[in-house]
Amino acid sequence: MKVYRMLTGADDAEFCRRVTEALQQGWELYGSPSMTHTDDGVRIGQAITKEVGGSYHPDKPLNSY
């Protein structure tokens, strides 16, 4: 089964660390990152996916797969 997450946040080192940590946990980049300008600065998003065993449980947090 494949699970999907969308990471979003400010375009800063913390966001890059979150993506790097997810990659180290077996998640893979899905598509290109997205970026937008807001009154609070630049916001960025990156979709990620991961192949996992078992079945999907909607009550289980996606970052625990």
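Which residue lies over the face of Trp 27?

## A charge over a ring

In this predicted model, the residue over the face of Trp 27 is Arg 5, at 5.0 Å from the ring centre. A further arrangement of this kind involves Lys 60, which lies over the face of Tyr 65 at 4.3 Å from the ring centre.

## The aromatic pair

When the whole structure is searched, one aromatic pair is found. The partners are Tyr 4 and Tyr 30, whose ring centres are 6.2 Å apart and whose planes meet at 85°, and because an angle over 60 degrees counts as edge-to-face, the pair is described in that way.

Tyr 4 belongs to strand β1, which covers residues 2-10, while Tyr 30 belongs to strand β2, which covers residues 28-38, so the pair ties together parts that stand 26 residues apart in sequence. Tyr 4 is partly exposed, with a relative accessible area of 45%, and Tyr 30 is likewise partly exposed, with a relative accessible area of 49%.

## Strand β2 and its neighbour

The strand that holds Tyr 30 is hardly covered, for among the eleven residues of β2 the count of buried residues is zero.

Strand β2 runs antiparallel to strand β3, which spans residues 41-51, and eight bridges join the two strands.

Key. Residues are numbered from 1 along each chain as its sequence is written. This is a predicted model: local features need pLDDT of at least 70, side-chain atom pairs count only at pLDDT 80 or more; totals for chains, interfaces and linings use all residues. Side-chain values use heavy atoms; hydrogens and water are left out. Rings of Phe, Tyr and Trp (its six-membered ring) pair if their centres lie within 6.5 Å; planes under 30 degrees apart count as stacked, over 60 as edge-to-face and the rest as tilted. Helices (H or I, at least four residues) and strands (E, at least two) are DSSP runs, numbered from the N terminus. Buried means under 20% relative accessible area, exposed over 50%, partly exposed in between (1.4 Å probe, protein chains only). A charge sits over a ring if NZ of Lys or CZ of Arg is within 6 Å of the ring centre and within 35 degrees of the ring normal. Two strands pair if DSSP finds at least two bridges between them.
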